[in-house]
Every structure is written in C-alpha cells, then in structure tokens.
Amino acid sequence: MPIKMTRTVKGKDKIKELEKKYKKKENLKMISMSFIGTSLDKIDLGDWKCFQFHPKEKLKEKLTVFIEDLSFNVSDFEMLHTIKHSKVSSLNELALKLNKEISTVTNK
C-alpha cells in the first residue's frame with residue numbers, strides 16, 4: 001500500500017539540508033558531473049543554485065513509501081493525526097498530548 005507524504009520547506013532550510021549532505025556546493029558539482037552522480041544529485045544542484053538567490057521561496061517535496069504489511073488501528077491513526085496537526089517536537093510531548101505512557105508511543 002502506498003503512503004504519500006508531502007512537506008513544504010523554505011529555500012534557506014533546503015540549502016542547510018544540502019550543506020549537511022554534501023558539505024559544499026563544489027562537492028555536489030563534482031559528484032553531479034562524475035559517473036557516480038545521479039539525476040537526484042543534478043536536481044539537488046539545481047535547487048541549491050535557485051535557492052541561493054531565492055531563500056524565502058518554498059519547495060513542496062513529495063515522497064511515496066510502499067508498505068507491504070500495513071496494520072493500523074484507531075490509536076495509530078489518532079497518533080498520526082496528532083503529529084500532523086499539533087506539530088509535536090518530541091515523543092514525550094506526543095505521549096502527553098495523547099494521554100498515553102511514553103512506552104506505548106515509542107513502540108509505534
């Protein structure tokens with residue numbers, strides 16, 4: 001079963017992610033021009049160049065994950081809903097919002 005996820009990221013934050021992954025733009029240029037570079041590296045380089053001049057622009061990234069054995073129950077959906085709408089920043093905060101023990105949240 002495919003699960004589609006979407007996130008919106010600002011240009012300056014995308015550049016930070018690329019710096020963490022490639023260290024410098026020159027490293028990414030070398031990788032994208034070499035035989036080990038992939039089309040994703042070329043996209044990353046294009047994003048980096050674009051967002052240098054437009055750091056406040058937003059990028060909508062989509063990801064599809066395919067899961068063969070998907071067994072969700074009502075509490076799992078409640079947890080996902082809380083994560084999405086409450087913007088919790090930790091498992092402890094999630095457990096508090098759900099009124100559950102931390103061990104039941106971390107097992108998911």
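Leaving aside its neighbours within four places in sequence, which residues is Ser32 in contact with? I take this up in point 4, after some notes on the model as a whole.

1. A word on the basis first. This is a predicted model, in which local features need pLDDT of at least 70 and side-chain atom pairs count only at pLDDT 80 or more, while totals for chains, interfaces and linings use all residues. Residues are numbered from 1 along each chain as its sequence is written, and side-chain values use heavy atoms, with hydrogens and water left out.

2. Now the overall layout. The protein has 6 helices and 2 strands, in the order β-α-α-α-β-α-α-α from the N terminus. The radius of gyration is 18 Å, well over the 13 Å that the globule rule gives for 108 residues, so the protein is more spread out than a compact globule. Helices (H or I, at least four residues) and strands (E, at least two) are DSSP runs, numbered from the N terminus. The radius is taken over C-alpha atoms, and the globule rule is 2.2 Å times the number of residues to the power 0.38. Along its principal axes, the C-alpha trace spans about 50 × 30 × 20 Å.

3. Next, surface, contacts and charge. Buried residues make up 23% of the 108 residues; buried means under 20% relative accessible area, exposed over 50%, and partly exposed in between (1.4 Å probe, protein chains only). The accessible surface comes to about 8700 Å², with 57% of it belonging to carbon and sulfur atoms; these areas come from the Shrake-Rupley method with a 1.4 Å probe, and for residues only the protein chains shown count as cover. Of the contacts with a separation of 6 or more, 57% are accounted for by residues 24 or more positions apart, contact meaning heavy atoms within 4.5 Å. There are 23 positive and 15 negative side chains, and the centres of the two sets lie 6 Å apart. Lys and Arg count as positive, Asp and Glu as negative, with His and the chain ends not counted; each charge is placed at NZ of Lys, CZ of Arg, CG of Asp or CD of Glu.

4. Back to the opening question. Beyond neighbours within four places in sequence, Ser32 is in contact with Gly37, Asp41, Lys42 and Leu45. Ser32 sits in helix 2 (residues 25-33) and is buried, at 6% relative accessible area. The Ser32 side chain also reaches the backbone oxygen of Lys29 at 3.0 Å.

5. Setting aside neighbours within four places in sequence, Pro2 is in contact with Thr64, Val65 and Phe66. Its C-alpha atom is separated by 29 Å from that of Tyr22, 20 residues apart along the chain.

6. Lys23, in the loop between helix 1 (11-22) and helix 2, has a positive phi of about 75° although it is not a glycine. Lys23 is exposed, at 61% relative accessible area. Asn99 lies in the loop between helix 5 (91-98) and helix 6 (102-106); Asn99 is not a glycine, yet has a positive phi of about 55°. At 71% relative accessibility, Asn99 counts as exposed.

7. Lastly, Ser75. Its place is in helix 4 (residues 74-86), and Ser75 is partly exposed, with a relative accessible area of 22%. Ser75 and Lys62 are 13 residues apart along the chain, and their C-alpha atoms are separated by 25 Å.

Terms used:
A polar contact is a pair of N or O atoms within 3.5 Å; within protein, one must be able to donate a hydrogen and the other to accept it, and residues adjacent in sequence count only if both atoms are side-chain atoms.
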